[in-house]
Amino acid sequence: MTHAIDRFRRAGIAAFSLTFLAGPALAEGEVNIYSYRQPDLIEPLLDAFTEQTGIATNVLFLNKGLEEKIEAEGVNSPADLIFTVDIGRLSNAKAKGITQPVSEEAINANIPEQFRDPDGHWFGLTTRGRVVYASKERVGQDTITYEELADPKWKGKICIRSGQHAYNLALFASMIAHHGEDYTKTWLTGLKNNLARKPDGNDRAQAKAIYAGECDLGIGNTYYVGLMQTNEKEPEQKDWAESIKVLFPNAEDRGTHVNISGMALAKHAPNKDNAVKLMEFLASSQGQEIYAEQVFEYPIGPGTEPSDIVKGFGDIKPDSLPLDEIANNRKTASELVDTTGFQDGPAS
Ligand SMILES: [Fe+2]
């Protein structure tokens, strides 16, 4: 254990102080988490876990290169559990061989099959819808479909971030899974021709552009609406959020495309038993509700409720497409973004 802590320098100080301050807790061991999610987002969750089990948690936050770090550390990696967002990253971790399968019934029972790897290498914990932000002022309709975004009636009205961003690749991959490659190529070309400008900025920037009158529709994830509504650091974001309504595409047919935040057990996890205990806790309705509340996402399991802020966006009916099918179509989606010249924006 000391060996692992030495390697886990950032968290090591906290772990050592626990040795003296809270001996019994350390006696229950620890678990090391490599996370793409900000520490403050997962802290309440980990605190609740430690309180229940006495198992200490150490978090190493990275904003890039997490998979490569684990790969480079090899068999000596102190990583037990990987925390990340997006099906692209989760499936990539499996493909790199840095994860191992888990088949605990307590986990599987709480996470619907469509949101976990068929081989048990990754598990969704929360879902986020990829929705349409629509100007309250300029858009009368309250329903929409993804297919409709290619309709010329929206010419010059739509804003979106880079087509190569993971969030859009997953959406485009879902279109391929539902309609095939040829349809999706035509659809992407139609969407590109409806753009108000070249793909640019992040999801929140699309809401800002609607607020500024540059476009009427934007594509974005649900949780950014909560992040904008509650943003005390940049209160102007509250105005952006106030200017839009959330439309859940395809609510009347197959449902809205959703992606996940999730977890995976690291291949060489030195504290495997504790990591599996943490995975069980995270999959439980208690764990999911704490997590979903912090990040303005939807808890994934049956019988769990989103926060009041998230409920305020409206009801979501998630597309039932298994996420591994989306993962399998991501590469083709990326190629279509290139062949359609999506990044060049509308033809002038
Ligand atoms: Fe995001």
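**Close-up 1. The disulfide of Cys-159 and Cys-215.** Cys-159 and Cys-215 are joined by a disulfide (a pair of cysteine sulfur atoms within 2.5 Å), with 2.1 Å between their sulfur atoms. The model is a predicted one, in which local features need pLDDT of at least 70, side-chain atom pairs count only at pLDDT 80 or more, and totals for chains, interfaces and linings use all residues. Residues are numbered from 1 along each chain as its sequence is written, and side-chain values use heavy atoms, without hydrogens and water. The link of Cys-159 and Cys-215 is left-handed, at -105° about the S-S bond. Cys-159 belongs to strand E6 (residues 158–159) and Cys-215 to the loop between helix H10 (203–211) and strand E7 (217–221), so the pair ties together parts 56 residues apart in sequence. Helices (H or I, at least four residues) and strands (E, at least two) are DSSP runs, numbered from the N terminus. Both cysteines are buried, meaning under 20% relative accessible area (1.4 Å probe, protein chains only).

Close-up 2. Tyr-167 (OH), Tyr-223 (OH) and Tyr-224 (OH) coordinate the iron ion at 2.0 to 2.1 Å. Donors are N, O and S atoms within 2.8 Å of the metal (3.2 Å for Na, K and Ca); water is not among the atoms, so sites may look incomplete. Along the chain, the donors of the iron ion have the spacing Y-x55-Y-Y. Tyr-223 is buried at 5% relative accessibility, and Tyr-224 is buried with a relative accessible area of 13%.

**Close-up 3. Helices H8 and H16.** The axes (lines fitted to C-alpha atoms, for helices over the stretch in contact; angles run from 0 to 180 degrees between N-to-C directions) of H8 (residues 166–179) and H16 (residues 323–339) come within 7 Å and cross at roughly 105°. H8 is therefore roughly perpendicular to H16, a term for angles of 65 to 115 degrees.

Key:
Angles under 35 degrees count as roughly parallel, over 145 as roughly antiparallel, 65 to 115 as roughly perpendicular and the rest as oblique. Buried means under 20% relative accessible area, exposed over 50%, partly exposed in between (1.4 Å probe, protein chains only).
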